[in-house]
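Please report on the model shown below. Keep it brief, and say how each term is defined.

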Amino acid sequence: MPFEMPSLIPVLPELFILTMTCVILVVDLFLKDEQRVISYGLAQVSLLLAVCIVYLTSSSEAEVIFYGSVIRDPMGDVLKVAVYLISAGAFLYSKDYLLDRNLFKGEFYVLGLFAVLGMTVMVSANGFLTVYLGLELLALSLYTLVAFDRDSIAGSEAAMKYFVLGALASGMLLYGISMIYGATGSIEFQPVAQAVAETGMDNMVLVFGLVFVVIGLAFKFGAVPLHMWVPDVYHGAPTAVTLFIGSAPKIAAFALAMRLLVNGLEPLHADWQGMLVILAVLSMALGNVIAIAQTNIKRMLAYSTISHVGFILLGILAGTSKGYTAAMFYSIVYAIMALGGFGIVMLLSRRGFEAENLDDYKGLHDRSPWFAAMMLLLMFSMAGVPPTVGFFAKMFVLEAVISVNLLWLALVGVFFSIIGVYYYLRIVKLMYFDKPVDNTPLTAGLDTRIALSVNGLMMLALGMFPAAILSLCAAAIGSA
Amino acid sequence: MFADWPILSLTIWLPIIGGVLVLASGDKSVNATRWTALAISILTFVASLPLYSSFNSSTAEMQFVERAPWITLFNIEYYLGIDGISMPLILLTTFITVFVIIAAWEVIQYKPASYLAAFLIMEGVMVGVFSALDAMLFYVFWEAMLIPMFLIIGVWGGPNRVYATIKFFLYTFFGSVFMLVALIYMYFQSGSFDILAFHDLKLGLSEQILIFIAFLLAFAVKVPMWPVHTWLPDAHVEAPTGGSVILAAIMLKIGGYGFLRFSLPISPDASHQLDWLIISLSLIAVVYIGFVALVQQDMKKLIAYSSIAHMGFVTLGFFIVFTITANPNIETGAMLGVQGGMVQMVSHGFISAALFLCVGVLYDRVHSRDISAYGGVVNTMPVFAGLMVFFAMANAGLPGTSGFVGEFMVILASFRADFWYAFLAATTLIIGAAYTLWMVKRVVFGEVANDNVAALQDISSRELLILGSLALAVLMLGLWPGPLVEVMDASIANLLKHIAVSKL
């Protein structure tokens with residue numbers, strides 16, 4: 001069998017990130033502690049250059065390479081750029097936080113970049129095995145990152161929990177993949193989809209495989225009832241890591257769902273739609289209700305994530321290209337919101353103090369009107385109140401759901417979002433209506449301040465011009 | 001000459017951008033901030049005047065239309081325009097905001113720049129609500145309104161402000177999300193979010209009823225109608241004076257406006273089927289809430305309940321039209337009812353604003369809103385007492401004031417519909433007079449009750465300017481309501497013609 005070397009141009013962004021990660025790993029060995037900022041700088045430069053590479057090598061045609069295991073398409077390009085940029089933002093916000101806690105080490109960036117690589121591999125996967133490969137690379141990096149503060153008991157516990165449950169979920173996914181392979185005789189998406197379309201849904205093994213795949217997917221999303229790890233990991237991990245886990249991997253999870261369910265198992269839509277309905281309703285209900293009872297902001301945001309995941313699933317389960325567009329828009333917007341939200345948490349933290357309790361936000365308006373306003377925008381955006389972009393994210397999803405005659409699901413969605421408004425309002429209440437208990441001035445570098453301001457104002461700017469991202473998503477999904 | 005200018009955009013964005021500037025200028029030089037805010041609000045008012053002067057009242061077409069694509073994928077447009085129904089309410093908004101800014105002058109000492117900015121931004125957003133012709137644009141403005149009001153009550157409000165403002169937010173949010181679902185549903189039926197296209201959309205009866213209920217949830221909370229009114233007294237009592245004024249004078253009107261712009265024309269058959277519901281709720285508001293107002297100890301609460309009762313007149317006027325048109329012997333009553341409701345909205349905008357400002361004047365001096373903390377105010381504040389008695393009379397519907405015109409029109413119209421409607425509605429003339437005048441009697445007249453009252457200073461020229469202008473407006477509208485009725489004539493006639501045709 002002649003072996004032809006395929007062109008490597010389509011995977012250049014991944015190759016570049018891989019190379020740079022290795023370079024940072026080696027360079028970091030030779031750096032003194034005070035020069036550690038070089039690793040950070042290199043990581044940021046690689047992410048930004050990767051964005052440029054994606055942009056330069058992109059094409060509007062989908063291209064399948066490596067014998068059908070990798071795909072380069074417009075949807076992947078948009079998602080990759082979002083992953084790179086959001087990870088860069090996460091690195092930026094976490095710099096001061098890590099410095100204050102003696103966690104400013106090269107390994108953070110190496111692991112972070114490996115996670116990014118894992119995410120982009122998932123994004124560009126065209127076969128079940130490639131998906132699994134990317135997923136594991138991401139998951140292993142995240143397990144380690146959660147335990148990054150090795151002296152923190154909570155962190156180690158969270159990492160153990162995450163690892164055990166994550167391994168179980170990966171096992172489920174793999175088991176499901178093996179069943180699908182057994183039923184269809186392939187692990188690439190197009191042949192699987194073709195085989196499924198031919199054999200129909202009567203194949204018991206196939207449906208079982210689908211169930212296991214959906215379980216794996218739900219775990220990665222953190223959808224109820226496979227959400228148990230989310231609050232503990234968000235709470236236990238250093239906030240810098242929580243920020244990272246809470247933002248970019250949501251985009252990757254969306255990509256995972258798109259690749260597995262839509263590219264691979266679209267003919268089974270009627271089956272997985274029902275499963276996702278259950279996951280979505282439970283996630284929105286439980287996430288929003290339990291978030292009210294939280295006193296720790298990281299846990300509160302964890303439950304809020306769960307409820308947002310419910311909304312993302314709503315868009316996917318609609319099964320129309322507008323639905324996918326809406327879900328993609330939602331996951332990108334959510335990643336930006338989570339980035340900003342945890343960014344503010346880190347802004348308020350300082351050496352020896354974690355701004356984790358809701359009471360730490362009291363009187364932020366008196367301490368720093370500007371950042372209180374940014375947090376206000378972020379909270380209203382998460383709550384889905386216009387004119388912030390969070391509203392449009394919810395509206396597009398609702399629109400997709402109503403378009404497939406699932407009016408009741410839309411009503412459930414809006415009902416739980418009313419409940420959700422309460423706990424976001426509570427943060428605003430603490431910031432604006434209460435007197436500060438802690439008057440320490442906020443000490444953040446200029447870079448963090450600017451980035452956070454941009455992040456907060458984006459909520460408003462994108463709310464006024466949602467078409468900016470929406471048209472990108474629409475073009476990527478191909479519904480425009 | 002102004003018809004082609006983007007006056008609506010100007011009236012929306014001038015105060016919003018101005019508000020952001022005021023917010024950015026901060027509290028360093030408070031006086032400059034106040035003057036800037038005042039200048040912006042006056043400029044906005046001036047900018048909105050051409051809406052009246054160049055308004056063509058002979059047509060029911062939308063005027064001053066601006067249309068541009070916004071989110072093309074979902075066919076959402078930046079689509080503005082006004083007719084005779086929305087134009088008076090826009091002018092009311094820009095007019096009242098000027099006085100809210102002036103009323104805050106020395107009174108607000110805590111973060112005045114943010115306070116003024118919040119009201120300016122509110123103003124732009126409210127104008128947006130009245131002028132949006134794209135349902136999604138309307139919804140964005142509608143909800144965006146909540147954020148500044150939430151902060152105004154929460155930051156500058158009274159002791160129980162947090163409870164009041166969260167209740168306010170959740171109630172209104174609860175009402176409006178179901179409207180959102182209804183709007184999206186209609187988008188799939190009509191292919192766009194154009195409100196005027198919704199008007200012509202054919203809908204089955206069960207669809208109409210569901211849509212009607214979704215709208216009712218949103219608008220009834222806003223108006224507010226009994227039994228979802230409970231947020232209003234709380235919000236009014238805790239809100240700072242300016243917040244109460246805007247709430248009573250304009251935000252409540254948005255609910256009434258919603259009925260005219262959405263419920264009636266979009267779901268005429270459902271409105272017809274369910275008009276008994278709205279009429280009963282309105283009459284409960286008029287009679288029962290009137291009695292509730294009678295027993296209030298707190299002046300702001302009293303005016304709040306009186307607002308609910310007065311808004312009951314508005315919804316009554318809007319929904320008796322079906323009973324009237326069903327009667328073949330009667331020609332003109334329907335028109336009278338809707339017009340009466342509209343006049344009542346504008347007039348209540350002036351009167352409730354003035355009454356809340358009056359309470360604000362007293363509160364700034366004595367720091368109490370309890371009726372029992374006052375007595376014999378006329379002895380120390382004769383000018384103020386005169387104005388307050390005047391506004392109280394207007395609130396009770398004294399002929400010659402604007403309060404009379406609207407009420408009288410609605411009562412006349414309801415006579416055409418049903419004697420008992422009119423009978424119950426007319427009780428307000430007694431109850432309204434009772435609660436308002438009894439309050440005035442206890443606060444203004446009699447012997448000087450205590451040292452606080454004895455030490456009162458009469459109103460300053462600033463306060464005189466505000467109350468005097470409002471008094472003038474109330475009087476003008478009461479003596480000569482012609483211009484107001486005229487501008488909305490064509491639009492209301494068109495609306496009635498539209499809802500007379502079944503969509504089934």
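## Conventions

Helix axes are lines fitted to C-alpha atoms over the stretch in contact, and angles run from 0 to 180 degrees between N-to-C directions. Helices (H or I, at least four residues) and strands (E, at least two) are DSSP runs, numbered from the N terminus.

This is a predicted model: local features need pLDDT of at least 70, side-chain atom pairs count only at pLDDT 80 or more, and totals for chains, interfaces and linings use all residues. Residues are numbered from 1 along each chain as its sequence is written, while chains are lettered from A and ligands numbered from 1 in the order in which they are written.

## A helix pair in chain B

Helix α4 (residues 112-131) of chain B packs against helix α5 (residues 135-144) of chain B at an angle of about 145°. Their axes are 8 Å apart. The crossing of α4(B) and α5(B) is left-handed, meaning that the near helix is turned anticlockwise from the far one by less than a right angle (clockwise would be right-handed).

From α4(B), V125(B), G128(B) and V129(B) meet F138(B), F141(B), W142(B) and A144(B) of α5(B). Contact means C-beta atoms, placed from the backbone, within 7 Å. The residues of this contact divide into 6 nonpolar, 1 polar and no charged. Ala, Val, Leu, Ile, Met, Phe, Trp, Tyr, Cys and Pro count as nonpolar, Asp, Glu, Lys and Arg as charged, and the others, Gly among them, as polar.

## Chain B overall

Chain B has 23 helices and 2 strands. Of its 504 residues, 62% are buried (20 or more other C-beta atoms within 10 Å of the residue's own; exposed is 12 or fewer, partly exposed in between; C-beta atoms are placed from the backbone).

Strands β1 (residues 63-71) and β2 (residues 76-82) of chain B run antiparallel, joined by 6 bridges. Pairing requires at least two DSSP bridges. R67(B) stands opposite Y79(B) in β2(B). The hairpin has 4 residues between the strands, and N75(B) takes a positive phi near 60°.

## Chain A and the interface

S152(A) lies in the loop between α5 (128-146) and α6 (153-184) of chain A. S152(A) is partly exposed, because 18 other C-beta atoms lie within 10 Å.

Between the chains, 27 residues of chain A are in contact with 27 residues of chain B. On the chain A side, α17 (389-403), α18 (407-433) and α20 (467-477) each give two or more residues. α18(A) gives the most, with 12 residues. By class, this side has 22 nonpolar, 3 polar and 2 charged residues.

Notes:
Two residues are in contact if their C-beta atoms, placed from the backbone, lie within 7 Å.
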